Amino acid sequence: MADDSLADFEMKDFTHDGRTRTVYRAGTGPAVIVIAELPGITPKVATFARRVIDIGCTAVMPHLFGVPGKDPLAAGRLGTLRYGLSSAVPACVSREFTVWATSRTSPVVSWLRALAADEHARCGGPGVGVIGMCFTGGFALAMATHPSLIAPVLAEPSLPFPFTKARKRAIDCSAADLDVVRGRCAAEGLQVLGLRFRGDSLSPAERFQFLREQLGDAFVAIELDDSSANPEARMKPHSVVTEHLIDEPGQPTRAALDRVLELFRTRLLPA
């Protein structure tokens with residue numbers, strides 16, 4: 001896959017609390033915040049965003065790391081490794097991302113909540129959807145403390161890095177924020193959708209079990225067999241709706257993608 005120019009997306013800057021970032025947006029209708037996985041807004045992340053546009057929503061992609069539109073696999077294995085490290089290392093050492101600690105919300109989430117509120121005011125509708133992927137998967141959960149956020153999706157949430165038993169049974173969301181989300185689930189019928197492959201050590205089964213215990217039936221887990229992942233991907237099964245998607249009817253990953261889009265459709269769009 002070649003680099004994606006993202007020419008069909010409008011670029012704008014959004015500033016909150018003194019921090020300005022570029023945002024790519026396209027489409028009409030209620031907003032869905034698409035938070036890219038490492039190493040950034042890849043062509044496949046942009047393709048997912050276009051699927052959001054196709055159902056009648058506005059796709060909003062904040063640029064948090066990497067080179068927007070760059071195909072990380074285009075330069076061969078060595079080039080892929082170099083680019084991945086150039087994106088991952090700054091993110092891992094940045095104070096805006098909580099990589100190791102349990103029960104802590106990453107500081108960048110406050111900026112993302114403000115972006116969601118701004119897009120809700122701009123786009124209208126009953127609220128905003130969000131999907132976080134891998135490194136940013138847990139951001140979607142922590143963002144759901146904001147009342148405008150009504151359709152959160154956690155795709156293979158990978159923080160904190162699950163190198164200990166405690167970190168496997170945790171997610172990058174503070175106890176106070178998790179209490180707010182739990183209360184919204186009980187009072188408002190908020191539903192949190194989670195995606196992972198069963199053999200994915202970066203997004204372990206213990207993390208989804210922890211979310212079941214915390215949110216009960218409000219947490220809807222979609223866990224796929226590793227054999228359903230796209231065999232042409234260069235990494236072990238991990239990215240359900242991007243790198244490991246087999247975009248064909250009847251495929252489990254396509255069914256998972258359809259469940260995500262259906263959540264956005266039913267929560268954000270009029271009947």
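The dialogue below treats the sheet and then the helices.

Reply: This is a predicted model, in which local features need pLDDT of at least 70, side-chain atom pairs count only at pLDDT 80 or more, and totals for chains, interfaces and linings use all residues. Residues are numbered from 1 along each chain as its sequence is written, and side-chain values use heavy atoms, with hydrogens and water left out.

Me: In what order do the 8 strands of the open sheet stand?

Reply: Strands of a sheet pair through backbone hydrogen bonds, either parallel or antiparallel. Here the order is β1-β2-β4-β3-β5-β6-β7-β8, with mixed pairing. Strands are DSSP runs (E, at least two residues), as helices are (H or I, at least four), numbered from the N terminus; pairing requires at least two DSSP bridges. β1 (10-16) and β8 (219-224) each have a single partner strand, so one side of each lacks a neighbour in the sheet.

Me: How many bridges join β7 to β8?

Reply: β7 (residues 192-197) runs parallel to β8 and is joined to it by 6 bridges. Within β8, A221 stands opposite G194.

Me: How do the axes of α1 and α8 cross?

Reply: Two packed helices are described by the angle between their axes and the distance between the axes. The axes of α1 (residues 43-54) and α8 come within 10 Å and cross at roughly 45 degrees. Axes are lines fitted to C-alpha atoms, for helices over the stretch in contact, and angles run from 0 to 180 degrees between N-to-C directions.

Me: Which residues of α1 make the contact?

Reply: F48, R51 and V52 of α1 meet residues of α8 including L257 and F264, where contact means heavy atoms within 4.5 Å.
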